[in-house]
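Please look over the sequence and the model shown here.

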Amino acid sequence: MTRDTLFFDLDGTLIDSAVGITRCVAYALDQLQHPIPPEVELRRWIGPPLRTSFAPLLQDPQRVEQAVEHYRTRFESHGWAEHDVYEGIGETVEALHGAGHRLAIVTAKNEPHARKIIAHLPFGHRFADVIGSTMDGQLSHKPELIAEAMRRLSLSPAQCWMIGDRHMDIDGARHHGMRNIGVLWGFGGEAELRQAGADRLAAVPAQLRTLLA
């Protein structure tokens, strides 16, 4: 029997990347001599495409592109490694792979950086592909990223689940009529995921195995 393919978000689902992302955002704004928002606001950068977050703050397309470049410079040198793997997620990934599921990453992080992170995770080899944003931002929102993942892996929505911590993950899945699970250990929280219409919620990584059984 062919098991469902599972699309995993990256930030807030497999790894706690708050330190790396917020430091890179702060670095980019500092380079532009723009005031750096409080930490609680910087955490909102985790999940959406970078340009989506920088645009309302900088209000100038040219400065937004400069900010993205500064962010990437620091992420390439330091930020990509500034994360922690959530407790229990590695064992869960191994168990789901062992149960016959095909696994892939679908993230708004740009694809080269996402691939670099996945390649260094101890369970990274379990993912059949990594689908991320294009560097020019043309492909950066979850509905389009999920569509690209299905295209690359020759899948229909009925064969897949989207698993993530933010409303963007649920929104993207619902756009395609795809089953989905919201995870509560990331950056979105229960209220956000319920409001987005998550099919199911997982409180801890091990619960994914039960929900997908």
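## Basis

This is a predicted model, in which local features need pLDDT of at least 70, side-chain atom pairs count only at pLDDT 80 or more, and totals for chains, interfaces and linings use all residues. Residues are numbered from 1 along each chain as its sequence is written, and side-chain values use heavy atoms, leaving out hydrogens and water.

## Nonpolar cores

A nonpolar core is a set of buried Ala, Val, Leu, Ile, Met, Phe, Trp, Tyr and Cys residues joined through side-chain atoms within 4.5 Å; buried means under 20% relative accessible area with a 1.4 Å probe, protein chains only. The largest core has 48 residues, and Phe-8, Leu-14, Phe-54, Tyr-71, Phe-127 and Leu-208 touch the most other members. Helix H1 gives the largest share of this core, 7 residues. Another core, of 16 residues, lies apart from it and includes Ala-104 and Leu-153.

## Aromatic pairs

There are 4 aromatic pairs in the structure (ring centres within 6.5 Å, using the six-membered ring of Trp; edge-to-face means planes over 60 degrees apart). Trp-45 and Phe-54 pair edge-to-face, at 5.7 Å centre to centre and 65° between the planes. Both Trp-45 and Phe-54 are buried. Phe-8, Phe-123 and Phe-127 make up one aromatic cluster.

## Thr-22

Thr-22 belongs to helix H1, residues 18–31 (a DSSP run of H or I, at least four residues, numbered from the N terminus). Thr-22 has a relative accessible area of 5%, so it counts as buried. A polar atom of the Thr-22 side chain lies 3.3 Å from the backbone oxygen of Val-19.

Note on methods:
Phe/Tyr/Trp six-rings, centres within 6.5 Å; stacked < 30°, edge-to-face > 60°. Buried < 20%, exposed > 50% of the residue type's maximum accessible area, 1.4 Å probe, protein only. Helix = DSSP H or I, 4+ residues; strand = E, 2+ residues; numbered from the N terminus. Polar contact = N/O pair within 3.5 Å; in protein donor to acceptor, adjacent residues only side chain to side chain.
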